[in-house]
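Open the structure in your viewer and keep the sequence panel beside it. The stops below say what to select and what is there.

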Amino acid sequence: MHAHTPDLKNAGLNGEELLSHAQRSAVKVLRRMQYFVARTRFQQARKPYDVRDVIEQYSQGHLNMMVRIKELQRRLDGTLGKPGMFLPGKGEDKEYPTIGARLIRLEDKVGTLLLLTVCFVCE
């Protein structure tokens, strides 16, 4: 032991008998302050990991959203047909089973029927 530290075992005293009530209260306050400082430092040390987690979750959510958008686009292309698929001059009608192709065929048939009725009335 150090020369300036009293030997408690030889003196027959425990730590509480050496300190007054005010001193013990001061030690408790100091220990609480140390605890709060340590807790604050620990929370600050964790912040970069929390930011990384948030960025990772954002990236994962963005990836999921892009997959859903692609799936929706694929389904729309299957139902309505891809844009530019039915442009004139593309060649003959390939009988696409989409709503867009069916609509174009229907419009062509209605147009043909109108021409026939006009020609029939003119005769």
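Select Glu71 and Arg74 and show their side chains: the two meet in a salt bridge, with 2.6 Å from N to O. This is a predicted model, and the structure holds one salt bridge. Both Glu71 and Arg74 belong to helix 3, where they sit three residues apart, about one turn of the helix.

Now widen the selection to helix 3, residues 21–80. Among the elements of the chain, helix 3 has the highest mean pLDDT, 89. For contrast, select helix 1, residues 8–11, which has the lowest mean pLDDT of the elements, 53. Where pLDDT is low, the predicted coordinates should not be read in detail.

Which helix gives the most to the nonpolar patch? Helix 3 does, with three residues. Leu80 is placed in helix 3. With a relative accessible area of 43%, Leu80 is partly exposed; a residue can join a patch only if this value is over 30%, so Leu80 passes that cut-off.

Move on to helix 4, residues 99–122. Helix 4 has 24 residues, and from its first C-alpha to its last it reaches 34 Å, close to the 34 Å expected at 1.5 Å a residue.

Finally, clear the selection and view the whole chain. The chain has four helices and zero strands, and along the sequence its pattern reads α-α-α-α. How many of its residues count as buried? Of the 123 residues, 5% do. The chain exposes about 11,700 Å², and 62% of that area is supplied by carbon and sulfur atoms. If you colour the chain by confidence, keep in mind that its mean pLDDT is 79 and that 73% of its residues reach 70 or more.

How values were computed
Residues are numbered from 1 along each chain as its sequence is written. This is a predicted model: local features need pLDDT of at least 70, side-chain atom pairs count only at pLDDT 80 or more; totals for chains, interfaces and linings use all residues. Side-chain values use heavy atoms; hydrogens and water are left out. Helices (H or I, at least four residues) and strands (E, at least two) are DSSP runs, numbered from the N terminus. Buried means under 20% relative accessible area, exposed over 50%, partly exposed in between (1.4 Å probe, protein chains only). pLDDT is the predictor's confidence in each residue, from 0 to 100. Accessible areas come from the Shrake-Rupley method with a 1.4 Å probe; for residues, only the protein chains shown count as cover. A salt bridge is a side-chain nitrogen of Lys or Arg within 4 Å of a carboxyl oxygen of Asp or Glu. The expected span of a helix is 1.5 Å times one less than its number of residues.
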